[in-house]
Amino acid sequence: MLLPALATATYAAASASETNPETGTESQSVQPPDGVGMEVVTVLGSGCPAGSAKVTPSDDGEGFTVTFDKYLAWGGGDAPPTEFRKNCQLNVRVKHPENYTYAVVGISSRGFAHVEAGASAVRRTSYYFQGSSETRSVTHTIEGPSNRSWRLNDRIPRDERVYKPCGEDRNLNINTEVRVSAGDSEQPSFIAVESANANAAYHLAWRRC
């Protein structure tokens, strides 16, 4: 049974009306257009070695999920010094009609953490479009002592959403990491992004250009 989440934020659908940062005018959030396709270009990182991560686009064009098999960081005790941090980078190409664009509006993830007293564990996600300097990130910290499942649901505030520039071919880069700080504990702690179900999901909102 999944234990209570360590940190949560309510995910909500995109607002019906938003301001287009390129024109300064309001544009309507809409249902995903027909013909949306998603292609995973690369999956790289110490937390997602070859064959250990699976990316599944949703049928409705509203996002995609990622399932990890070996995404775990641990530190303290007899943990090797290279294991305290693991990362995974996804490069995703979202195909859609030219008169539409999209933004990440929600990020969900789940896993398990055992954190000793005096130690802490961090789960961080950042993302940006290729060629853009605008990066958005969400970070959660689990302070010890703790030994439980965790589930995080983050909604990106409307004024912090970054839409892919209209008419430009840019892939979405997503960088994630888990990290353990052993602190003054002599016993090992760990954080894992893993579950029997999909353990990370990225929700998209659409609008017309």
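This is a predicted model: local features need pLDDT of at least 70, side-chain atom pairs count only at pLDDT 80 or more; totals for chains, interfaces and linings use all residues.
1. With the bonded cysteines numbered in sequence order, the pairing reads 1-2, 3-4.

2. Let's take Cys 48 and Cys 88 to begin: their sulfur atoms sit 2.2 Å apart in a disulfide. This pair connects distant parts of the chain, 40 residues apart, with Cys 48 in the loop between β3 (37-44) and β4 (53-57) and Cys 88 in strand β7 (residues 85-95). The link is right-handed, at 100° about the S-S bond. Both Cys 48 and Cys 88 are buried.

3. The other disulfide joins Cys 166 and Cys 209, with sulfur atoms 2.2 Å apart. Cys 166 lies in the loop between β11 and β12 (172-181), while Cys 209 lies in the segment after β14, 43 residues apart. This link is left-handed, at -95° about the S-S bond. Cys 166 counts as partly exposed at 24% relative accessibility, and Cys 209 counts as partly exposed at 43%.

4. Strand β8 (residues 100-115) deserves a look too: 14 of its 16 residues are buried, so β8 is largely enclosed by the rest of the structure.

5. Which strands pair with β8? Strand β11 (residues 146-155) runs antiparallel to β8 and is joined to it by ten bridges, with Ala 113 partnering Arg 148. Strand β14 (residues 200-208) pairs antiparallel over nine bridges, including Ile 107 with Tyr 202. Strand β13 (residues 189-192) pairs antiparallel over three bridges, and there His 114 stands opposite Phe 190.

6. Finally, do check the peptide bond between Gly 144 and Pro 145: it is cis, with omega about 5°. Pro 145 lies in the loop between β10 (136-143) and β11.

Conventions
Residues are numbered from 1 along each chain as its sequence is written. Side-chain values use heavy atoms; hydrogens and water are left out. Buried means under 20% relative accessible area, exposed over 50%, partly exposed in between (1.4 Å probe, protein chains only). Helices (H or I, at least four residues) and strands (E, at least two) are DSSP runs, numbered from the N terminus. Two strands pair if DSSP finds at least two bridges between them. A disulfide is a pair of cysteine sulfur atoms within 2.5 Å.
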